[in-house]
Amino acid sequence: MKRILVFASGSGSNFKSILDAIKTGELTAECVGLFCDRDGIGAIELARRDGIPVFIHRRKDFEDYEKYFLGLLTDMEALRPDLIVLAGYLSKIPSTIVQRWSGKIINIHPALLPKFGGKGFYGIHVHEAVLDAREQESGCTVHYVDEVYDHGSIIEQIVVPVLPDDTSTRLQARILEQEHKIYPKVIQRLLTSN
Ligand code: GRF
C-alpha cells in the first residue's frame, strides 16, 4: 500500500475528501500521518477520529531554524511517505525538504495558476482578487511544490466560471467543491503511475 503524508493548517476539508476517498476505495493508499503548523484546527480532529498520527511542528517552538527543520525532517523520514500532500498548509516547506522529496510533494491552490498565486494569495484573498480583476473564470490547480510559493509545474486544473452576481465566499465554496473531487483523483493517479 502506498503511503501518503498530509500537511494542513486549517479546517481540513480537503484532508477529509482524501480520507473519504480512502474509505470508499477510490484512493488505494494509507494516510500515515498529518503534519500541522498549529494546534486547534479541524484537520487534527479529523485525523484523531481516524486514528491517524498527528505531528505538530511550530517554528516558534524552536529557538533556531535548524532545530525546527531537523525535527520536521526526522519525523518525515521515519514515516517513509511515497507522496506528500499539502492540503491548505500555510507554512513554507524548507527548501532542503523540497529537494529531498523533489517531485513527490504536491499542493492544491484555489485559482488557475499561474494567476492569483504566490505570497498573500491564500484563503478568501484569492477569490477577492479574482473578482476585483473581473475574471470570467477561476478554478483550482494541483501542482508540484518547488521552492517558490504556488510555482511548481501544474499537474491538473478545473475551471469554475465566475458568475455575474458572485461574491468571494460563493466562488470559494464552488471552487472548494471541485477541489474535493480533483485532489483524491490526482493523488490516486500519481500513486499508481510510478
Ligand atoms: C483550499 O482552498 C486549498 O486550495 C488551499 O487551502 C484551502 C484549504 O482548505 N490550499 P481546507 O482546510 O482543505 O478546507
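## Largest pocket

The lining of the largest pocket divides into 14 nonpolar, 16 polar and six charged residues. This is a predicted model. The lining has 36 residues in total. G88, Y89, L90, I108 and Y122 lie nearest the pocket's centre. The pocket holds about 820 Å³ of space.

Several secondary-structure elements contribute to the lining. Helix α1 (13-24), strand β5 (105-109) and helix α6 each supply at least two residues of it.

## Nonpolar cores

The largest nonpolar core has 41 residues. Those touching the most other members are I4, F15, L34, V85, I106, Y183 and I187. Helix α6 (residues 168-192) gives this core its largest share, eight residues.

Y183 reaches well beyond its own stretch of sequence. Leaving aside neighbours within four places in sequence, Y183 is in contact with N14, I18, V85, L86, A87, I106, N107, I108 and V142. Of these partners, I108 is also among the residues nearest the centre of the largest pocket.

## Cysteines

How many disulfides does the model contain? The count is zero. A disulfide is a covalent bond between the sulfur atoms of two cysteines.

C31 counts as buried because its relative accessibility is 11%, under the 20% limit. C36 is also buried, with a relative accessible area of 1%.

Technical notes:
Residues are numbered from 1 along each chain as its sequence is written. This is a predicted model: local features need pLDDT of at least 70, side-chain atom pairs count only at pLDDT 80 or more; totals for chains, interfaces and linings use all residues. Side-chain values use heavy atoms; hydrogens and water are left out. A nonpolar core is a set of buried Ala, Val, Leu, Ile, Met, Phe, Trp, Tyr and Cys residues joined through side-chain atoms within 4.5 Å. Buried means under 20% relative accessible area, exposed over 50%, partly exposed in between (1.4 Å probe, protein chains only). Helices (H or I, at least four residues) and strands (E, at least two) are DSSP runs, numbered from the N terminus. Contact means heavy atoms within 4.5 Å. On a 1 Å grid over the protein atoms alone, a cavity is a set of points where a 1.4 Å probe fits but cannot get out, and a pocket is an open set with protein on both sides within 12 Å along at least five of seven lines; lining residues have an atom within 4 Å of a point. Grid points are joined across faces, edges and corners, and a volume is the space filled by probe spheres set on the points. Ala, Val, Leu, Ile, Met, Phe, Trp, Tyr, Cys and Pro count as nonpolar, Asp, Glu, Lys and Arg as charged, and the others, Gly among them, as polar. A disulfide is a pair of cysteine sulfur atoms within 2.5 Å.
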